[in-house]
Amino acid sequence: MQAFTVHTGLVAPMDRENVDTDAIIPKQFLKSIARTGFGPNLFDEWRYLDKGEPGQPHVQRKVNPDFVLNQPRYAGASILLTRRNFGCGSSREHAPWALEQYGFRALIAPSYADIFFNNCFKNGLLPIVLPELQVDRLFDEVHGFNGYSLTIDLPRQVVIKPDGSELPFDVQPFRKYCLVNGFDDIGLTLRHADKIKAFEAQRLARMPWLANRQL
């Protein structure tokens, strides 16, 4: 998992409440057994004018010019600004996969659905919670200034605006530790690889017949 320390990026505004995970990545794309390739289908039903199907070349599809991520001024955005209860609906982990694979490193909203919120941290995506008034002000500034960017300093837990002012945010210490060090669940386990190998060797010495066990 990619570590997150300090990130500066262009902000894209999604001015919608209650964006559910089926809107983030529609159900037909969950058929894939791979964990990659979901970025082109992020917000598929809003982003394109035709119906998307797995394996369909996205370069040949009809793009919706009115959708925010298709507007040239937000090309390459890596911070998504959105409204309350983002990521509601089903618990599919494909939603943070699609956001991260599109290029987003962080989200800013007043609130998130719980399971989606937890899945973001497990996949290197930082979901920042800010008060609704601060989010409102950020929407005004993003709409008012072309190329509006923010800097997110996770170690200091602040969002830094273009004028240098800072917006503090909370994050649980363990989640912060994992993101700063780039540890997903597997990475956390592999920190103890030597202890795991030692345990396996001791177990095999006590029960050598396990070496001949047929699965």
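Helices and strands here are DSSP runs, with helices of at least four residues and strands of at least two, numbered from the N terminus. By that naming, Asn-64 lies in the loop between helix H2 (44–47) and S2. The structure is a predicted model.

**Strands and their pairing**

- Strands S1 and S5 run antiparallel and are joined by five bridges. Within this pair, Leu-10 has Ser-149 of S5 as its bridge partner.
- On S5, burial is the rule, since four of its five residues are buried.
- S5 also pairs with strand S6 (residues 158–160), to which three bridges join it in an antiparallel arrangement. Here Asp-153 stands opposite Val-158 of S6.
- S5 and S6 together form a hairpin, and four residues lie between the two strands. In the turn, Gln-157 has a positive phi of about 60°.
- S3 and strand S4 (residues 126–129) run parallel, with four bridges joining them. Ile-108 has Ile-128 in S4 as its bridge partner.
- A right-handed β-α-β unit is made by S3, helix H4 (residues 114–122) and S4.

**Helices and what they pack against**

- The buried residues of helix H3 (residues 94–102) are His-94, Ala-95, Pro-96, Trp-97, Ala-98 and Leu-99. These buried residues pack against helix H1 (21–24), S2, S3 and H4.
- After H3 comes Gly-103, which has a positive phi near 130°.
- In H4, the buried residues are Phe-116, Phe-117, Asn-119, Cys-120 and Phe-121. The elements covering them include H1, H3, S3, S4 and H6.
- Helix H5 (residues 132–144) contains 13 residues. From its first C-alpha to its last, H5 reaches 18 Å, close to the 18 Å expected at 1.5 Å a residue.
- Val-135, Leu-138, Phe-139, Glu-141 and Val-142 are buried in H5. Strands S1 (6–13), S2 (79–81), S3 (106–109), S5 (149–153) and S7 (166–168) are the elements against which the buried residues of H5 pack.

**The nonpolar core**

- In soluble globular proteins, nonpolar side chains tend to be buried together.
- The largest nonpolar core of this model has 55 residues. Those touching the most other members are Phe-43, Phe-86, Leu-99, Phe-116 and Leu-126.
- Which residues does Phe-86 touch, not counting residues up to four places away in sequence? They are Met-14, Val-19, Ile-24, Phe-43, Leu-80, Leu-99, Leu-107, Ser-111, Tyr-112, Ala-113 and Phe-116.

**Cysteines**

- How many disulfides does a search of the whole structure find? The search finds zero.
- Cys-88 is in no disulfide, and the nearest cysteine sulfur, in Cys-120, is 13 Å away.
- A disulfide is a covalent bond between the sulfur atoms of two cysteines. For this model, a pair of sulfur atoms must lie within 2.5 Å to count as one. The sulfur of Cys-120 is 13 Å from the closest cysteine sulfur, that of Cys-88, and is therefore too far for a bond.
- Are these two cysteines buried or exposed? Cys-88 is buried, as its relative accessible area is 14%, and Cys-120 is buried, with a value of 0%.

**Two asparagines**

- Asn-64 counts as buried because its relative accessibility is 17%, and buried means under 20%.
- Leaving aside neighbours within four places in sequence, Asn-64 is in contact with Trp-46, Arg-47, Tyr-48, Leu-49 and Asn-70.
- Asn-64 and Phe-43 are 21 residues apart along the chain, and 11 Å separates their C-alpha atoms.
- Asn-181 has its place in helix H6 (residues 173–181). At 37% relative accessibility, Asn-181 counts as partly exposed.
- How far apart in space are Asn-181 and Ala-3, C-alpha to C-alpha? The distance is 5.4 Å, although 178 residues separate Asn-181 and Ala-3 in sequence.

Notes:
Residues are numbered from 1 along each chain as its sequence is written. This is a predicted model: local features need pLDDT of at least 70, side-chain atom pairs count only at pLDDT 80 or more; totals for chains, interfaces and linings use all residues. Side-chain values use heavy atoms; hydrogens and water are left out. Buried means under 20% relative accessible area, exposed over 50%, partly exposed in between (1.4 Å probe, protein chains only). The expected span of a helix is 1.5 Å times one less than its number of residues. Contact means heavy atoms within 4.5 Å. Two strands pair if DSSP finds at least two bridges between them. A crossover is right-handed if, with the strands pointing away from the viewer, the path from the first strand over the helix to the second runs clockwise. A nonpolar core is a set of buried Ala, Val, Leu, Ile, Met, Phe, Trp, Tyr and Cys residues joined through side-chain atoms within 4.5 Å.
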